[in-house]
Amino acid sequence: MENHISGVSKLETPEDIMIATLQNIKNVKEEVKLVQTDIIELKQEIDLTRNQKSKLRKLVQLNAMEAVGGKKSQAYGTLYRVAIAEHWRTIKNYFEVASYEEIPKIRFDEALELAECWQPTAELAMEIKRANQMLMLA
């Protein structure tokens, strides 16, 4: 602090004081930018909350249930878990994470949007259709 005060007292002209003040402002702005960058990076590191994970998990289960035709469908017994696995795989691939729990909290709305528009692949849709038609033929 004493160095700062003695440094200020060495400033003799108003121009020197102005230059020193502007340099200090410039230094503070650079530090603020660094802090903002650190905050943005930290936000990217914060994973989903427990409630967000639960909401996403329920949506995935609901989508898979609808895809197979409900609990009473023939496809439910054999393909419900396949549909869930495929759904999670789509989400994990999109976010490039090993587990859906690693999705950044700030991208939760994006995860919900992706989950809401999920449809089974053509191959899985055909398997579900065949499994459910077997019940009708029996």
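User: What is the basis of the numbering and of the values?

Analyst: Residues are numbered from 1 along each chain as its sequence is written. In this predicted model, local features need pLDDT of at least 70 and side-chain atom pairs count only at pLDDT 80 or more, while totals for chains, interfaces and linings use all residues; side-chain values use heavy atoms, without hydrogens and water.

User: Why is Gln-52 called buried?

Analyst: Gln-52 has a relative accessible area of 14%, and buried means under 20%, exposed over 50% and partly exposed in between, with a 1.4 Å probe and protein chains only; therefore Gln-52 counts as buried. The residue is found in helix α3.

User: How do you know that the buried residues of α5 are on the same side?

Analyst: In α5 (residues 108-116), Phe-108, Ala-111, Leu-112, Leu-114 and Ala-115 are buried. They cover an arc of only 160° around the axis, so they are on the same side of α5; the arc is taken from the directions from the helix axis to the C-beta atoms. On the other side, Asp-109, Glu-113 and Glu-116 are exposed.

User: What makes α4 oblique to α5?

Analyst: The two helices, α4 and α5, pack at an angle of about 140°, with their axes 10 Å apart. Angles under 35 degrees count as roughly parallel, over 145 as roughly antiparallel, 65 to 115 as roughly perpendicular and the rest as oblique, so α4 is oblique to α5.

Methods: Helix = DSSP H or I, 4+ residues; strand = E, 2+ residues; numbered from the N terminus. Axes fitted to C-alpha atoms, helices over the stretch in contact; angles between N-to-C directions.
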